[in-house]
Amino acid sequence: LFDNNDDEIFAQQKQSDAYCDLSQIKNQSVLQKALLKTKKSEEHVQVPLEKALEIAKQLQLYLSESTNEDAYYIMSRLVKAEQCSSRSSSIHVLQMEIRKTNCEWRDVRDWGSDTACKGLDKEESYTCIWTGEVDGRRVTKQYGVMCDEYSSNLFGTTDYLCDRLKYSTTDMRRVMLATVKADKASLKIYNPPEFSATISEFGTHFDDFIPSEKTVKAYFNDKDGTIDRRTMAFKQYELKDGRPVNPAGFTGIQGRGLFPRWGPNIFCVFLVTRGTGDDLEVLTVASDGNSLELPKMYVDNQEASTLRMKLLEEMYNSRAQDNITREDLMGIVKKAMKKSLMVKLGFTPDALNTDNAWMETLMVQIKDKKKKHIGKVDLKSSTSKGMEWKKIDNETKQSLISTLKSIVGDENLNETSLKIKDSKKDLKTLLKAIKYGSYYGTAISGLVLVGAWITVACTGAVVPVAAALMVFLSFAALALYMLLHS
């Protein structure tokens, strides 16, 4: 970054300076471009050791009560303590190790002190991630905690807990990494934070209720009016305390999250192409660069009419020709959808997933090689989230492959491709066997037919020749069909 800058200027900067004076740098453009391209991280504050220890001690009774045991646990090591977002924020994240003592937590609660408790060295220690609010040095709100045997291996020494545990665009923090599948046997404590958005980010109404066993406001594992609450896996998901349970396991946060629905949330990805060869174009979300993002939309169900209306709305808002009416475009989209291929991908690992709500994806592929239907509609987006046609060159091709891998999953993409290849191979083998079998069958049945005629001439019995004739004609017809359709 600083190869073209004046080293003498930086040598003159005092260590107490909180900024670099850009006016003194000869090559400002190098630095300014780098600053613009650098992804800015949120501001995090490392909590001073004395304050962090005081906060951690307040958590010991809470952690002990959460274990569902009688034993009292104390902090044996403080790993990290951070204040998230900014100095004005009260959200804190702590990582620490706890160990069982010779006391019971009920006694400590009654005594008001744990000075008489001693840690048991022979007992196994557990690493905990805690998140909550702190006012000064006093814990005011417990969001959640997770303790297990292995979480200390999930974070490097330079990782910011606030960054790694952040739930999408919210201020909420998970108590475990979303990419890690937790082993129930290793968990000592699991009380994740609760979060359900009060507004929808997907332009649709949302489940404005908290499901429970006492109040049934949704038909889970079934069609609920226009909302399909069934999973694509053709099996029912578990309900616990009236709430759907994520089939993939724990995520470190519970509730509906940012999704509009409890349980499965269906997202449709449209893979639409027009033209062929060097003129091949793909329908994408509008962007200035070479990055490629396929249109992806939330839908209430998997019905063709619903998917058709979603695609219609997006294309109508992005159309380049004002003379195309909504009715005309509806006819074009309807024709295109009849020639489409729908692939149900099912459960999708996603950063928005929670313990009670998750993403399921289906993909609709439409090809219009000769631009006879959807390909003849030119698009010109007026917004950053509109739709446009993007030509496929070497760079965008790699971006498209990466996009498909992120949607389908690299392993699943390869597995699907392998299954298709294997199916084609099996089909070719079967057809080859039928083809040659029909030829041999015709020849052999022909010989049998000749023998049957000789029998008729000698004995006068007609039944054998009739049976032989039927077999011969069947094999002959099959052989002729295979020959014409080889």
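**Notebook: disulfides, salt bridges and a pocket**

I started at Cys147, which is buried, with a relative accessible area of 0%. I use buried for under 20% relative accessible area, exposed for over 50%, and partly exposed in between, with a 1.4 Å probe and protein chains only. The model is predicted, so I take local features only at pLDDT of at least 70 and side-chain atom pairs only at pLDDT 80 or more, while totals for chains, interfaces and linings use all residues. Residues are numbered from 1 along each chain as its sequence is written, and side-chain values use heavy atoms, with hydrogens and water left out.

**Entry 1: disulfides**

What is Cys147 bonded to? I found a disulfide between Cys128 and Cys147, with the sulfur atoms 2.0 Å apart. My cut-off for a disulfide is a pair of cysteine sulfur atoms within 2.5 Å. The torsion about this S-S bond is about 110 degrees, so the Cys128 and Cys147 link is right-handed. Cys128 sits in strand S4 and Cys147 in strand S5 (residues 138-148), so the bond ties together parts 19 residues apart in sequence.

I then searched the whole structure and found three disulfides. One of them joins Cys84 to Cys162, sulfur atoms 2.0 Å apart. This pair links distant parts of the chain, 78 residues apart: Cys84 is in the loop between strand S2 (71-83) and strand S3 (91-104), and Cys162 is in helix H5 (residues 161-164). The torsion about the S-S bond of Cys84 and Cys162 is about -80 degrees, so I logged that disulfide as left-handed. Cys84 is buried at 0% relative accessibility. Cys162 is buried at 0% too.

Cys103 and Cys117 form another disulfide, S to S 2.2 Å. Cys103 lies in strand S3 and Cys117 in the loop between helix H4 (105-111) and strand S4 (126-135), so this link ties together parts 14 residues apart in sequence. About its S-S bond I noted -115 degrees, which is left-handed. Both Cys103 and Cys117 are buried.

How do the bonded cysteines of the chain pair when numbered in sequence order? I get 1-6, 2-3, 4-5. I also looked up Cys268, which is buried at 0% relative accessibility.

**Entry 2: salt bridges**

Side chains of opposite charge can pair when their charged atoms come close. I count a salt bridge when a side-chain nitrogen of Lys or Arg is within 4 Å of a carboxyl oxygen of Asp or Glu. The structure holds 17 salt bridges.

Which residue does Glu54 form a salt bridge with? The partner of Glu54 is Arg137, with the closest N and O atoms 3.1 Å apart. Glu54 is in helix H3 and Arg137 in the loop between S4 and S5, so I logged a link between distant parts of the chain, 83 residues apart. Helix H3 covers residues 49-66. C-alpha to C-alpha, Glu54 and Arg137 are 7.0 Å apart. Glu54 is partly exposed at 35% relative accessibility, and Arg137 is partly exposed at 36%.

Next I checked Glu69, which bridges to Lys100 with the closest N and O atoms 3.9 Å apart. At 24% relative accessibility, Glu69 counts as partly exposed.

Arg106 and Asp70 meet in a salt bridge at 2.9 Å, N to O. Arg106 lies in helix H4 and Asp70 in the loop between H3 and S2, so this pair ties together parts 36 residues apart in sequence. Arg106 is partly exposed at 37%, and Asp70 is partly exposed at 42%.

I also noted a network of salt bridges linking Asp207, Asp224, Arg229, Arg261 and Asp300.

**Entry 3: second largest pocket**

I looked up the second largest pocket, with a volume of about 630 Å³. Its lining has 25 residues, of which Glu293, Leu294, Pro295, Lys296 and Met297 lie nearest the centre. On a 1 Å grid over the protein atoms alone, a pocket is an open set of points where a 1.4 Å probe fits, with protein on both sides within 12 Å along at least five of seven lines; lining residues have an atom within 4 Å of a point. The volume is the space filled by probe spheres set on the points, which are joined across faces, edges and corners.

Which elements each supply at least two residues of this lining? I listed strand S15 (296-299), helix H6 (304-317), strand S17 (357-368) and helix H8 (394-408). By class, the lining has 13 nonpolar, five polar and seven charged residues. Nonpolar covers Ala, Val, Leu, Ile, Met, Phe, Trp, Tyr, Cys and Pro; charged covers Asp, Glu, Lys and Arg; the others, Gly among them, are polar.

Notes:
Helix = DSSP H or I, 4+ residues; strand = E, 2+ residues; numbered from the N terminus.
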